Amino acid sequence: MNILITAGATREPIDAVRFLSNISTGRTGALLADALAAHGHTVTVLHGEAAVRPSRVTDTESFSSTAALQAALRRRLGNAAHPYDAVIHCAAVSDYRPDSTHEGKMSSYAAELTVRLVPTPKLLPELKTYAAPRPLKVVGFKLTAGADAPARAAAVAKLFAAGTVDAVIHNDMDDLSTGDARPFHAWRAGQPAPETLAGIEGLIPWLTQFFGA
């Protein structure tokens with residue numbers, strides 16, 4: 001299969017040297033990319049500027065802002081000469097961006113600064129349209145913070161609501177301290193409960209089986 005993976009954090013510029021970002025390292029995406037390549041898949045990785053890079057995947061491209069990632073996804077998925085079969089959207093895309101970018105560097109000595117934030121586009125629900133009319137399997141990732149079971153299920157349900165996502169991999173911040181061994185909760189569209197997978201080592205065969213289904 002031809003698989004496109006996004007990984008790492010977006011950067012939404014505030015001025016020439018500052019940006020709004022998040023804690024994603026891109027490590028999960030890089031590990032998945034290398035593992036899927038080792039299983040014989042052709043893998044492309046779109047990664048954040050500071051993200052961990054895969055070691056055995058050579059088709060990679062860097063993105064900065066949400067707009068830059070959106071443009072790269074449109075271009076890659078719309079290329080009929082290199083059709084993709086699946087997207088694993090691991091990237092931690094900012095939900096908001098500054099409504100304007102200050103030209104140059106803002107003062108370091110202002111008594112107070114206000115940055116107005118506006119929503120960024122939600123990329124996950126759009127991915128199938130970028131590849132249309134070709135079919136595309138879409139796997140999204142969802143991170144919650146200290147959510148109980150009903151809140152986790154509700155957060156995942158929002159990603160399925162548009163009917164454009166085939167599976168969602170869920171993590172909670174409370175689990176991240178265990179590193180690559182943290183549990184992943186794999187939800188398939190239309191199924192009422194997730195499968196709990198034992199770390200990256202459990203996620204890789206689940207994805208391989210899912211894509212082969």
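This is a predicted model: local features need pLDDT of at least 70, side-chain atom pairs count only at pLDDT 80 or more; totals for chains, interfaces and linings use all residues.
## The nonpolar cores

The largest nonpolar core holds 26 residues. Within this core, Ile5 and Ile88 touch the most other members. Seven elements are named as giving two or more residues each: strands E1 (2-7), E4 (42-48), E6 (86-89), E10 (167-172) and E11 (183-188), with helices H1 (27-38) and H5 (199-212). H5 supplies the largest share, seven residues. In general, nonpolar side chains tend to be buried together in soluble globular proteins.

Another core lies apart from the largest one. This other core has 22 residues, among them Val87, Leu127, Ala131 and Leu136.

## Helix H1

H1 has 12 residues, and nine of them are buried, so the helix is largely enclosed by the rest of the structure. The buried residues are Thr28, Gly29, Ala30, Leu32, Ala33, Asp34, Ala35, Leu36 and Ala37. They pack against E1, E4, E6, E9, E11 and H5.

The length of H1 can be checked. At 1.5 Å a residue, H1 should span 16 Å. Its end C-alpha atoms are 17 Å apart, which agrees. After H1 comes Gly40, with a positive phi near 95°. Most residues other than glycine have a negative phi.

## The largest pocket

The largest pocket has a volume of about 1300 Å³. Its lining counts 41 residues. Closest to the pocket centre are Ala91, Ala92, Phe141, Lys142 and Leu143. H1, strand E9 (137-144), helix H4 (149-160) and E10 each give two or more residues to the lining.

H4 gives the most to this lining, four residues. By class, the lining has 22 nonpolar, 12 polar and seven charged residues.

Gly199 lies in helix H5. Its relative accessible area is 1%, under the 20% cut-off, so Gly199 counts as buried. Leaving aside neighbours within four places in sequence, Gly199 is in contact with Asp180, Ala181, Arg182, Pro183 and Phe184. Lys128 is 71 residues away along the chain, and the C-alpha atoms of Gly199 and Lys128 are separated by 28 Å.

Thr120 sits in the loop between strand E8 (117-119) and helix H3 (127-131). Thr120 is buried too, with a relative accessible area of 7%. Beyond its neighbours within four places in sequence, Thr120 is in contact with Glu12, Thr66, Ser94, Asp95, Tyr96 and Arg97. Thr120 and Arg76 are 44 residues apart in sequence, and their C-alpha atoms are 20 Å apart in space.

## A cis peptide bond

Most peptide bonds are trans. The bond that joins Ala132 and Pro133 is cis, with omega about 10°. Pro133 has its place in the loop between H3 and E9.

Note on methods
Residues are numbered from 1 along each chain as its sequence is written. Side-chain values use heavy atoms; hydrogens and water are left out. A nonpolar core is a set of buried Ala, Val, Leu, Ile, Met, Phe, Trp, Tyr and Cys residues joined through side-chain atoms within 4.5 Å. Buried means under 20% relative accessible area, exposed over 50%, partly exposed in between (1.4 Å probe, protein chains only). On a 1 Å grid over the protein atoms alone, a cavity is a set of points where a 1.4 Å probe fits but cannot get out, and a pocket is an open set with protein on both sides within 12 Å along at least five of seven lines; lining residues have an atom within 4 Å of a point. Grid points are joined across faces, edges and corners, and a volume is the space filled by probe spheres set on the points. Ala, Val, Leu, Ile, Met, Phe, Trp, Tyr, Cys and Pro count as nonpolar, Asp, Glu, Lys and Arg as charged, and the others, Gly among them, as polar. The expected span of a helix is 1.5 Å times one less than its number of residues. Contact means heavy atoms within 4.5 Å.
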